[in-house]
Amino acid sequence: MAVLLLADHDRGQLTPSVARAVKALAALGQPIDVLVVGAGVGSAAEAAAQLDGVSRVLRAEGAGWDNVDAKSLAALLESLAPDYSHIAAVAAAMGRDVIPRLAARLDVMPVTDVVAIHDANRFDRPIYAGNAIETVRVEGAPVLLTIRPSAFGAAGKGGSAAVEPVAAGPVESLAHFLVEHRTQSDVPDLATASVVVSGGVALGSTHNFEMIERLAHVLGAAVGATRAAVDAGYAPNDWQVGQTGKVIAPDLYIAIGVSGALQHLAGIQGAKTIVAINTDPEAPLVKIADYALIGDLFEVVPALTSALEKRLGR
Amino acid sequence: MKILVAIKRVVDHNVRIRVKADGSGVETDNVRMSMNPFCRHAVEAAVELAERGHATEVVAVSIGPQKADDVLLSALAMGADRGLLVLAEGRVEPLGVAKLLAKVVEDEKPDLVLLGKQAVDDDANQTGQMLAGLLDWPQATFASGLAVRADGLEVTREVDFGRATYAVGLPAIVTADLRLNTPRNVALPMVMKAKKKPLEVRPAESYGVDFAPRITVETVAPPPQRQQGEILGSVDALVDVIAGRVAAMEA
């Protein structure tokens, strides 16, 4: 038997999280097939074929497969399921949408947001916003998983798997894509960035939030935001870090004007080094930070940005 | 249209949970319980559709122990017309919940089922998608916008790159994200009125579906705790720390 991984891609590019999911699934010790679905996915399929540990890339391509809905995607996966012991996806919008639907069709319980793989049917997953970790054993076949990418390293790029077309039936979508509202930005992918600079509601406005973006630019970092900052309209929803936003594990996390609500802390538990800039020395985020500077962000951040610009020569 | 809204009773999201010393689970005795926050957004969406004349009836359903009647009462106080408690003691997994809900859908024949996108206890994010799969209905998950059109719904979903809008025919499943709306607070008179609304209780076993758990929870452990580090004295010290980390990463 083998493992099937449904690959995320965006505008023709393979999402960096896929390399992490491949690395995670390698622990199962079985061949890994990667399924790439969409229109114009040639380069995403090639990128998947280069990932170490991938034995085959399956490409389901066609006009109807772009923006395909969960029903059609689940039907495609269901048709491939008999050949696989495990079917997995990254725990992001697509995987979260389709894996449970597929599970119901196959009458199995999926294990979502996996952060550790012990063996073929034992996994760790976070509950209560990451305030507890449960080790679970699942019965039934196939085993369905979504993988939390921030919990795993990335597979290398020394592979050369074959890319094969897969027979994909006619698309019978029930939900029809109308329009997307895309956040314009040239910063790195938040889910997998090695440095992330985040701002909280203390920034006070969209205009002030640009301070966060400038500092991020100097550091080559992704930009994050708290739920409160997103709710207030200072930052777009896809920047949200936390239990219900993106869960990240950068090497360096810089939190500016972020008090540290439980659901935000849930999203940064895996960060290697946490730096906090806050006026309140008692803020929960300051209490877990490796380094904290107590001060007014409106004075600290501009000074920090220009000093780092000089120091790093950018 | 007729709306079914499914809600879950969970440990209140403001409670700092405690993992039991024997690793058997999370302490839920004598802990404040309330309606899952995402479910509150689902109830609010259903009640708003009724207030705008799009819905003729809003039925709230919960699957859980007898005590879960308190979250149904909250939903009735928010404006749902009647409640149904599917009585089940012990752990019921999302797949079991979805199967029971599919049976309730057979009985009630709603045009729209609203659910929260995930529950803040198990963080599974599965039930709505599973129900859609069992019924072979369209699904629109993680909704932050919902509008009624002549031929169904227009739903805006929160996705990895931002938001995306879909047209969805009825009947359909929609799961609510936090920015869908602002759930109303209920005043005491509404709670008193809610107590007079019908609330049916029916044993889960009577639906004739297999909802026995498929997953065994072996242990539950607290996550590694982070310790407070160093308070820096100046911006210069912070520059040294950040520049040092960045240099180490690029080395």
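Me: How many of the 15 residues of α3(B) are buried?
Reply: The model is a predicted one. Helix α3 of chain B covers residues 94-108. The helix is largely enclosed by the rest of the structure, because the number of its 15 residues that are buried is twelve.

Me: Which elements are included in what covers the buried residues of α3(B)?
Reply: The buried residues of this helix include B:L95, B:V97, B:L100, B:L101 and B:V104. Part of their cover comes from the other chain, namely α4 (93-106) of chain A. Chain B itself contributes β1 (2-7), β4 (57-64), β5 (82-87), β6 (112-116) and α4 (127-135).

Me: With which residue of chain A does B:K99 form a salt bridge?
Reply: B:K99 is among the buried residues of α3(B). Salt bridges between chain A and chain B number ten. In the one formed by B:K99, the closest N and O atoms are 2.8 Å apart, and the partner is A:D107.

Me: What area is buried between chain A and chain B?
Reply: The interface brings 89 residues of chain A into contact with 81 residues of chain B. On the side of chain A, the residues that lose the most area are A:M109, A:Y128 and A:Y291, together 11% of what that side buries. Carbon and sulfur atoms give 55% of the buried area between the two chains, which is about 7,200 Å².

Me: How many residue pairs are in polar contact between chain A and chain B, and which classes of residue does the side of chain A have?
Reply: The polar contacts between the two chains, taken with both residues at pLDDT 80 or more, amount to 48 residue pairs. By class, the side of chain A that touches chain B has 16 polar, 26 charged and 47 nonpolar residues.

Me: With which side chain of chain B does the side chain of A:T112 make a polar contact?
Reply: A:T112 belongs to strand β7 (residues 111-114) of chain A and is buried, with a relative accessible area of 4%. A polar atom of its side chain lies 3.1 Å from the backbone oxygen of B:A124. The side-chain to side-chain polar contact of A:T112, at 2.9 Å, is with B:Q126.

Me: Is B:G116 buried or exposed?
Reply: B:G116 is located in strand β6 of chain B. Beyond its neighbours within four places in sequence, B:G116 is in contact with B:A6, B:F38, B:C39, B:A42, B:T175 and B:A176. Its relative accessible area is 15%, and the cut-off is under 20%, so B:G116 is buried.

Me: What percentage of the residues of chain B count as buried?
Reply: Chain B holds six helices and 13 strands, and its C-alpha atoms fill a box of roughly 65 × 45 × 40 Å along the principal axes. Among its contacts between residues at least 6 apart in sequence, 71% join residues at least 24 apart. Of its 251 residues, the buried share is 55%.

Conventions:
Residues numbered from 1 in each chain as written. Chains lettered and ligands numbered in written order. Predicted model: local features only at pLDDT ≥ 70, side-chain atom pairs only at ≥ 80, totals over all residues. Heavy atoms only, no water. Helix = DSSP H or I, 4+ residues; strand = E, 2+ residues; numbered from the N terminus. Expected span 1.5 Å × (residues − 1). Buried < 20%, exposed > 50% of the residue type's maximum accessible area, 1.4 Å probe, protein only. Contact = heavy atoms within 4.5 Å. Buried area = accessible area lost by both parts, 1.4 Å probe. Salt bridge = Lys/Arg side-chain N within 4 Å of Asp/Glu carboxyl O. Polar contact = N/O pair within 3.5 Å; in protein donor to acceptor, adjacent residues only side chain to side chain. Nonpolar A, V, L, I, M, F, W, Y, C, P; charged D, E, K, R; others polar.
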